[in-house]
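Could you walk me through this one before I start looking at it myself? Here are some notes to go with the view.

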Amino acid sequence: MTDFQGNDPRSIEQIRKSRNRVLGFSLAGFVILVFFISIAKMG
Amino acid sequence: MTTTSPSTAAPSASQTPLPADWRDLFALTKPRVMSLVIFTGLCGLVAAPERIHPVLAFTAILCIAMGAGGAAALNQWWEADLDAGMKRTAGRPLPQGRLDRTTARDFAGVLCAASVFLMGFAVGWLAAAILAVSIVYYAVVYTIWLKPRTPQNIVIGGGAGAFPPLIGWVAATGHVSLMPVVLFAIIFFWTPPHFWALALFVKSDYAKVGIPMMPVVAGERSTRRQILAYAVLLLPLSALPWWLPGDEHAGAVYGVSALVLSTAFLLLSIRVGLRERTGPDDTMKPEKQLFAYSVIYLFALFAALVVDRFVVL
């Protein structure tokens with residue numbers, strides 16, 4: 001977080017939203033993966 | 001000798017710092033390098049004689065990718081100052097100031113730790129241990145220790161990039177055998193000519209920041225001869241999986257592909273190895289061609305290994 005507001009056309013809120021969306025998808029993917037790993041290990 | 005020590009540049013109080021963008025975090029993982037890592041890891045896994053559940057195979061490849069990405073991010077965290085001084089790397093997120101070093105370090109740490117533990121719990125602890133060794137090898141042995149100290153950095157450090165097929169193989173079989181060790185050796189011996197071809201045409205960049213790459217320290221002529229020597233060694237080594245004893249050996253599809261691909265690699269290396277730079281206006285076309293071909297070579301060689309498992313001549 002060292003770039004500055006004046007240098008970037010996107011707002012802090014836009015960048016944060018976009019990052020949180022990616023983080024959310026990653027976490028959801030991880031939970032789904034752990035679920036399938038558990039099933040695979042049981043098999 | 002050049003060493004870097006991470007420092008954090010603080011923004012001035014009057015400016016509002018932007019949060020780290022996910023694209024910059026993704027760029028830290030060196031996605032282009034990672035594609036080769038994922039591919040060779042996948043080939044090691046698919047070429048192995050045993051099969052694992054597709055979900056576990058996917059997890060193994062994901063862990064290899066996360067580990068490689070984490071190690072690459074640690075490399076960029078440590079070398080941000082050096083990267084800023086080189087044209088090739090100055091556009092990366094850290095030298096550009098689009099990301100602060102603490103965020104980069106934390107991101108890298110989480111990726112590395114998550115990759116090893118996920119691999120251990122889901123796939124196996126031997127594969128996880130080799131993954132952990134590969135991360136330490138790249139981030140510490142190569143980046144921090146060897147790279148700023150010796151022109152042999154890429155020779156010894158090349159081991160870091162050679163781990164993925166071994167990890168993929170061990171993920172599938174649960175043990176280390178001769179075949180994945182040979183695959184490791186192929187990438188190990190491929191790395192010096194690959195990087196030195198690059199180093200020949202970006203020599204001034206490395207010299208500027210004091211990294212003792214072979215062309216900078218030993219000179220171009222010596223580097224060219226060494227490229228040739230490694231290409232000569234690579235020819236029989238690449239065909240070795242065809243001649244291995246036991247059930248694990250590759251078939252004729254791989255063997256013939258390896259001989260053809262490695263002969264082309266050797267011919268391009270001869271062109272680089274026996275020439276001299278013609279002057280400051282030299283476009284270094286043969287070196288650029290060798291570098292580009294070396295990437296295609298590794299992709300094609302490992303693709304042939306996989307095809308060989310499914311097509312028997």
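This is a predicted model: local features need pLDDT of at least 70, side-chain atom pairs count only at pLDDT 80 or more; totals for chains, interfaces and linings use all residues.

1. How does the overall size work out? A compact globule of 313 residues would have a radius of gyration near 20 Å, and chain B has 20 Å, so the two agree. Along the principal axes, the C-alpha atoms of chain B fill a box of roughly 70 × 55 × 25 Å. Of the 313 residues in chain B, 49% are buried.

2. Contacts reach across the sequence, too. Take those in chain B between residues at least 6 apart in sequence: 75% of them join residues at least 24 apart.

3. Chain B splits into domain 1 (23-176) and domain 2 (178-313). The C-alpha centres of these two domains of chain B are 21 Å apart. Where they meet, 29 residues of domain 1 of chain B contact 28 residues of domain 2 of chain B.

4. Which elements give two or more residues to the domain 1 side of that contact in chain B? They are helix H2 (31-47) and helix H8 (153-173) of chain B. H8(B) supplies the largest share of that side, 11 residues. By type, the residues on the domain 1 side that touches domain 2 of chain B are 19 nonpolar, seven polar and three charged.

5. Now the largest nonpolar core, which has 98 residues. Ala60(B), Met119(B), Ala127(B) and Leu131(B) have the most contacts inside it. Why does this core lie between domain 1 and domain 2 of chain B? Because both domains give residues to it.

6. Leaving out residues up to four places away in sequence, Ala60(B) touches Leu45(B), Met119(B), Val123(B), Ala127(B), Gly168(B) and Ala171(B).

7. Finally, have a look at H2(B). At 1.5 Å a residue, its 17 residues should span 24 Å, and the end C-alpha atoms are 24 Å apart, so that agrees. Buried residues of H2(B) include Met34(B), Val37(B), Leu42(B) and Leu45(B). The buried residues of H2(B) pack against helix H3 (54-78), H8, helix H9 (178-201) and helix H14 (285-310) of chain B. Leu45(B) turns up again among the residues that Ala60(B) touches.

Definitions and conventions
Residues are numbered from 1 along each chain as its sequence is written. Chains are lettered from A and ligands numbered from 1 in the order in which they are written. A nonpolar core is a set of buried Ala, Val, Leu, Ile, Met, Phe, Trp, Tyr and Cys residues joined through C-beta atoms within 7 Å. A residue is buried if 20 or more other C-beta atoms lie within 10 Å of its own, exposed if 12 or fewer, and partly exposed in between; C-beta atoms are placed from the backbone. Domain bounds come from an automatic or database domain assignment. Two residues are in contact if their C-beta atoms, placed from the backbone, lie within 7 Å. Helices (H or I, at least four residues) and strands (E, at least two) are DSSP runs, numbered from the N terminus. Ala, Val, Leu, Ile, Met, Phe, Trp, Tyr, Cys and Pro count as nonpolar, Asp, Glu, Lys and Arg as charged, and the others, Gly among them, as polar. The expected span of a helix is 1.5 Å times one less than its number of residues. The radius of gyration is taken over C-alpha atoms; the globule rule is 2.2 Å times the number of residues to the power 0.38.
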